[in-house]
Amino acid sequence: MEEYQKILLQNKAWAQDTHEYDEEYFTRLAATQTPQLLWIGCSDSRVSTGRVTDTMPGEMFVHRNIANLVVEDDINVLSVVQYAVEVLKVRHIIVCGHYGCGGVKASMSDGKSGQIAQWLSNIEDVYERHRDELDALSEARRVNRLVELNTIVQVKKLAKLDIIRRAWAADAHYPTLHGWIFDLGTGLLDEILYMAPD
Ligand SMILES: [Zn+2]
């Protein structure tokens with residue numbers, strides 16, 4: 001059986017089990033979504049948002065791209081942030097990087113081309129700004145430190161967006177912005193940056 005066929009079967013079993021456990025589950029799920037959080041994470045298949053946060057469908061609005069970037073002219077991430085803030089009124093926005101990120105690693109290597117090269121140039125900019133610190137590290141540590149710095153920069157970029165500035169002008173407390181790092185080796189999330197309305 002092909003992998004995708006297995007997934008369709010797994011879905012049937014999950015829907016059936018869930019309905020047996022809670023008859024109203026899908027009725028409630030279909031009615032509305034009121035998530036409190038927006039998650040901006042990496043597309044990496046190992047960082048499964050719902051699984052690592054142990055959240056249920058409906059609890060988190062999610063955007064994922066290679067290396068969890070907030071690019072100021074990327075209409076995809078901007079519309080997700082706008083919808084999350086203005087319509088869903090999420091209270092917390094999490095940018096989650098992860099150690100061993102392939103996108104971050106690739107940004108440090110040669111031979112990239114096309115859209116990937118253009119996308120990863122955003123991380124190359126982060127490297128340039130912290131070149132002295134990063135060049136002094138061992139190779140393994142350098143990737144993970146760049147993961148941290150990249151995540152911090154993305155949160156700071158979020159804080160500068162008009163969408164966030166407007167929300168902060170209207171509300172003294174929310175949304176709060178968070179930089180988290182997921183450690184694939186331990187399964188743990190760590191908060192490395194917190195920003196609230198100033
Ligand atoms: Zn990644």
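Reader: What distance should helix 1 span, and how far apart are its end C-alpha atoms?

Author: The model is a predicted one. Helix 1 covers residues 3-21, and at 1.5 Å a residue its 19 residues should span 27 Å. The distance between the C-alpha atoms at its ends agrees with that expectation, being 27 Å.

Reader: How many of the 19 residues of helix 1 are buried?

Author: A residue is called buried if 20 or more other C-beta atoms lie within 10 Å of its own. Helix 1 lies largely in the open, because the number of its 19 residues that are buried is zero.

Reader: Is A15 buried or exposed?

Author: A15 is a residue of helix 1, and its C-alpha atom lies 8.7 Å from that of F26, eleven residues away in sequence. The cut-off for an exposed residue is 12 or fewer C-beta neighbours. Because A15 has 12 such neighbours inside 10 Å, A15 counts as exposed.

Reader: How is helix 4 oriented relative to helix 9?

Author: Helix 4 (residues 75-87) packs with helix 9 (residues 162-170) at an angle of about 15°, the two axes lying 10 Å apart. Since angles under 35 degrees count as roughly parallel, helix 4 is roughly parallel to helix 9.

Reader: Which residues make the contact of helix 4 with helix 9, and how many of them are nonpolar?

Author: Helix 4 passes helix 9 in a left-handed crossing. The contact is formed by V81, Q82 and V85 from helix 4 together with I163, I164 and A167 from helix 9. Sorted by class, this contact has no charged residues, one polar residue and, as nonpolar residues, five.

How values were computed
Residues numbered from 1 in each chain as written. Predicted model: local features only at pLDDT ≥ 70, side-chain atom pairs only at ≥ 80, totals over all residues. Axes fitted to C-alpha atoms, helices over the stretch in contact; angles between N-to-C directions. Helix = DSSP H or I, 4+ residues; strand = E, 2+ residues; numbered from the N terminus. Parallel < 35°, antiparallel > 145°, perpendicular 65-115°, else oblique. Left-handed = near helix turned anticlockwise from the far one by under 90°. Contact = placed C-beta atoms within 7 Å. Nonpolar A, V, L, I, M, F, W, Y, C, P; charged D, E, K, R; others polar. Expected span 1.5 Å × (residues − 1).
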